[in-house]
Amino acid sequence: TVKTKISELKKDWIRLNVGGKYFMSTRSTLCKEESFLCRLCQNQEDLKIDTDEMGAYMIDRDPNYFHVILNYLRHGKLILETNLVEEGVLEEAEFYNIQPLIELIKERVRDRDKRQADSELGNSQN
Amino acid sequence: TVKTKISELKKDWIRLNVGGKYFMSTRSTLCKEESFLCRLCQNQEDLKIDTDEMGAYMIDRDPNYFHVILNYLRHGKLILETNLVEEGVLEEAEFYNIQPLIELIKERVRDRDKRQADSELGNSQN
Amino acid sequence: TVKTKISELKKDWIRLNVGGKYFMSTRSTLCKEESFLCRLCQNQEDLKIDTDEMGAYMIDRDPNYFHVILNYLRHGKLILETNLVEEGVLEEAEFYNIQPLIELIKERVRDRDKRQADSELGNSQN
Amino acid sequence: TVKTKISELKKDWIRLNVGGKYFMSTRSTLCKEESFLCRLCQNQEDLKIDTDEMGAYMIDRDPNYFHVILNYLRHGKLILETNLVEEGVLEEAEFYNIQPLIELIKERVRDRDKRQADSELGNSQN
Amino acid sequence: TVKTKISELKKDWIRLNVGGKYFMSTRSTLCKEESFLCRLCQNQEDLKIDTDEMGAYMIDRDPNYFHVILNYLRHGKLILETNLVEEGVLEEAEFYNIQPLIELIKERVRDRDKRQADSELGNSQN
């Protein structure tokens, strides 16, 4: 029945308390890449992650950049709202240790800095 | 009486837990277009959506772009706050599989990229 | 006594659940203009608005633009944060059917579009 | 002991429900300037402010601009995030009736409008 | 066992109620630098910080800038979303009395003002 399927699947959901804000995701998303988040799902003994009174894993990081990390694991793209800065995501990607995302951000920072340098050079030559 | 009408209508409301944030909408809004959200309302057996302790359907996607999707279903327009990016909505529209919205966003991305290319061309010719 | 006054006034407060987010306002604010929100306060039989487990009226619309609508009713001005777009408020003003606000937004859209057209014309003539 | 000190101080905290969102501040902050907020702390009989089920004073105003008001009372400066507009704070400062803040905003609006007029004049003379 | 390790570590978490919004962090983060936040963790008698019904330390400051402060303690960098202003962080850094962060922000303000002055000079000489 549907009910049985639901209770079986329920075990796949993970609640995270990132710096005081709640996020929910699934084991399969969090393990898309090798990372701290994947190891957390696997209950690796050496991680020793605390859980709060809601059963959420507690992570002492900024919640404002965490959705960018999570979305990368969900759909494989780096999508940044215009008010956020690359450096903020880089710090989190390095903390969670997601290698392909770290590479992606560093590349984007290089592109951004090159564009800015070109544009300033252009202005000063006018 | 009013009371009876209310309890009858109540069944039409759906609570969604999108990546840890709650949204409420109605069956009629969610079924405006064929999509994952409509199939979810119809309790299709093959979807196997989990519900949380609040009875909300759990969806492992970003809540920050979800209101754009929901508003499209509510009033048929694609309205994007200036800090959001088209690519972010596209990922969600593709996940929820809302064909006319996917077309709409792709068109807008093409327009945006054309405008940018024109503007850069204009600058380099000055 | 103060206590009696408080309990008397309490009846004036209305809780709204707009798309899953809570807002509070008063009957006198919501009835500043003829609108869906005013009719809702008057418990008009033909509206058949649902209430949730908190006793809040449930409205299937975007919460992110609702404060602009509510502020208009509070102080009579249309004040838009810079990341919001006029079209988003227009959709809501039309849904809630607040005629003077609809006029105000349409006028502002016309002004904005005229300014943009002028500016683009200026650029192309340089 | 520390415990006794804490319970003594606790009375100084005020919970506010501004348009549905909670804020906490202290009596000493709210009474930094003469205003509606100070009179509210002093339980003046003629104010007749409602409280909700959390014991919070209920204020029928926008929560999105309220932190600017509160921060002004905390540190005496007018600090506006770039997506907010001066007019939005002015409406609130006038409602709460904080005279020095009203003056400060009006001055800033005059400066902003002057800068814009100068810049447009500059452009049209090119 | 894992369980014992978890309960041992749990004591390290601190809940903060900053102006009505909750944040969670750890004693080791909050004591990265000498500051009000570190003294708060050490339960210094002379601080007399109130706690609310959730056991959170109550701080009468703006929650919107607090994550910048907390992130600085987490990873040692000053990362500002584009809608925030340096002056807003400076007020908080001075309140929490984090000397190296105060220096960092003042330096960034000087850089920003210099860049603006240069750019305005450049424009007026065209």
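The model is predicted, and local features need pLDDT of at least 70, side-chain atom pairs count only at pLDDT 80 or more, and totals for chains, interfaces and linings use all residues, while side-chain values use heavy atoms, with hydrogens and water left out. Residues are numbered from 1 along each chain as its sequence is written, and chains are lettered from A and ligands numbered from 1 in the order in which they are written.

## How two copies are related

Two copies of a chain are related by a rotation about an axis and a shift along it. Here chain D can be laid on chain C with an RMSD of 0.0 Å, by a turn of 72° and a shift of 0.0 Å along the axis, where the superposition is by least squares on the C-alpha atoms of residues with pLDDT of at least 70 in both copies. The two copies are therefore related as by a five-fold rotation axis. Asn83(D) is the residue of chain D that comes closest to this axis, its C-alpha lying at 5.1 Å. The copies use different surfaces, since 8% of the contact residues of chain D recur in chain C.

## The contact between chain D and chain C

Which residues of chain D lose the most area to chain C? To begin with the whole contact, 24 residues of chain D are in contact (heavy atoms within 4.5 Å) with 23 residues of chain C. The size of an interface is often given as the accessible area lost when the parts come together. For this pair the buried area (the accessible area, with a 1.4 Å probe, that two parts lose on being put together, summed over both) is about 2,100 Å², with 52% of it on carbon and sulfur atoms. In chain D, Asp50(D), Asp60(D) and Glu91(D) lose the most area to chain C, and together they make up 27% of what that side buries.

Across the interface of chain D and chain C there are three salt bridges, a salt bridge being a side-chain nitrogen of Lys or Arg within 4 Å of a carboxyl oxygen of Asp or Glu. The interface also has 12 residue pairs in polar contact, both residues being at pLDDT 80 or more; a polar contact is a pair of N or O atoms within 3.5 Å, where within protein one must be able to donate a hydrogen and the other to accept it, and residues adjacent in sequence count only if both atoms are side-chain atoms.

On the side of chain D that touches chain C, the elements that give two or more residues are strand S3 (57-59) and H5 of chain D, helices (H or I, at least four residues) and strands (E, at least two) being DSSP runs numbered from the N terminus. H5(D) gives the most to that side, with four residues.

## The contact between chain B and chain A

Chain B and chain A bury about 2,100 Å² between them, 52% of it on carbon and sulfur atoms, and Asp50(B), Asp60(B) and Glu91(B) supply 27% of the area that chain B buries against chain A. This contact takes 24 residues from chain B and 23 residues from chain A.

| Arginine | Glutamate | Closest N and O atoms |
|---|---|---|
| Arg15(A) | Glu53(B) | 3.1 Å |
| Arg15(C) | Glu53(D) | 3.1 Å |

## Helix H5 and the residue after it

Eight of the 11 residues of helix H5 (residues 86-96) of chain D are buried (under 20% relative accessible area, with exposed over 50% and partly exposed in between, for a 1.4 Å probe and protein chains only), so this helix is largely enclosed by the rest of the structure. Among the buried residues of H5(D) are Val89(D), Leu90(D), Glu91(D) and Tyr96(D). Just after H5(D), Asn97(D) takes a positive phi of about 60°.

In chain B, Asn97(B) has a positive phi of about 60° although it is not a glycine, and Asn97(B) lies in the loop between H5 and helix H6 (99-125). At 41% relative accessibility, Asn97(B) counts as partly exposed.

## A buried loop residue in chain E

Leu47(E) lies in the loop between helix H3 (36-41) and strand S3 (57-59) of chain E, and at 15% relative accessibility Leu47(E) counts as buried. Leaving aside residues up to four places away in sequence, Leu47(E) touches Phe36(E), Arg39(E) and Leu40(E).
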